[in-house]
Amino acid sequence: MNLQIFGTKKNADSRKAERYFKERGIRFQFIDMKEKGLSRGELQSVCQAVGGYEKLLDPDCKQKDLLALITYISESSRMDKILENQGVLKLPIVRNGRQATVGYQPEVWKSWENH
């Protein structure tokens, strides 16, 4: 497994994801979204893996106006807006090669362990 956890130290679900993998002795790379966000390629890869950008957006984020804007702007502008404002993403984003999850999803991660 080549795991990456995109999250923040203050995000409770990001910390839970870190703990989940540490407890099982699974190595991962933690990318702090406050210091370094997702690249365009990473974001596109995660979008494909989870079934669209809608699943990446956090309905509880603090930037409600921006979230509404992203929903209504043209598809071509959407990716740029999300890349500029990664605070609208639901965390953690966990990548395992071409697979990815958004949010705390230990039931999915467990299936990765068996492969």
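**Close-up views of a predicted model**

**View A. The backbone nitrogen of N2 lies 3.5 Å from a polar atom in the side chain of N96.** Such a polar contact is a pair of N or O atoms within 3.5 Å; within protein, one atom must be able to donate a hydrogen and the other to accept it, and residues adjacent in sequence count only if both atoms are side-chain atoms. The model is predicted: local features need pLDDT of at least 70 and side-chain atom pairs count only at pLDDT 80 or more, while totals for chains, interfaces and linings use all residues. Residues are numbered from 1 along each chain as its sequence is written, and side-chain values use heavy atoms, with hydrogens and water left out. N96 belongs to strand β3, residues 93-96; helices (H or I, at least four residues) and strands (E, at least two) are DSSP runs numbered from the N terminus. N96 is buried, at 10% relative accessible area. Buried means under 20%, exposed over 50%, and partly exposed in between, with a 1.4 Å probe and protein chains only. Setting aside neighbours within four places in sequence, N96 contacts M1, N2, L3 and W112, where contact means heavy atoms within 4.5 Å.

View B. The whole structure has 0 disulfides. C47 is in none, and the nearest cysteine sulfur, that of C61, is 15 Å away. C47 is buried, with a relative accessible area of 10%. C61 is also buried, at 4%.

**View C. V88 sits in the loop between α4 (75-84) and β3.** V88 is buried, with a relative accessible area of 0%. Beyond its neighbours within four places in sequence, V88 is in contact with L56, L57, D58, C61, Q63, L66, L67 and I70. One of these, L66, is 22 residues away along the chain, with its C-alpha atom 7.9 Å from that of V88.

**View D. A cis peptide bond joins L91 and P92.** Omega for this bond is about -5 degrees. Most peptide bonds are trans. P92 is placed in the loop between α4 and β3.

**View E. G37 and G41 are both partly exposed.** G37 lies in the loop between β2 (28-32) and α2 (40-50), and its relative accessible area is 26%. Not counting residues up to four places away in sequence, G37 touches E42 and Q86. The C-alpha atoms of G37 and E84 are 9.3 Å apart, although 47 residues separate them along the chain. G41 is in helix α2, with a relative accessible area of 44%. Its C-alpha atom is 12 Å from that of R98, 57 residues away along the chain.

**View F. The largest pocket is lined by 17 residues.** Those nearest its centre are N11, D58, G87, L89 and L91. On a 1 Å grid over the protein atoms alone, a pocket is an open set of points where a 1.4 Å probe fits, with protein on both sides within 12 Å along at least five of seven lines; lining residues have an atom within 4 Å of a point. The volume of this pocket is about 540 Å³, counted as the space filled by probe spheres set on the points, which are joined across faces, edges and corners. The lining has 5 nonpolar, 5 polar and 7 charged residues. Ala, Val, Leu, Ile, Met, Phe, Trp, Tyr, Cys and Pro count as nonpolar, Asp, Glu, Lys and Arg as charged, and the others, Gly among them, as polar.

Key. A disulfide is a pair of cysteine sulfur atoms within 2.5 Å.
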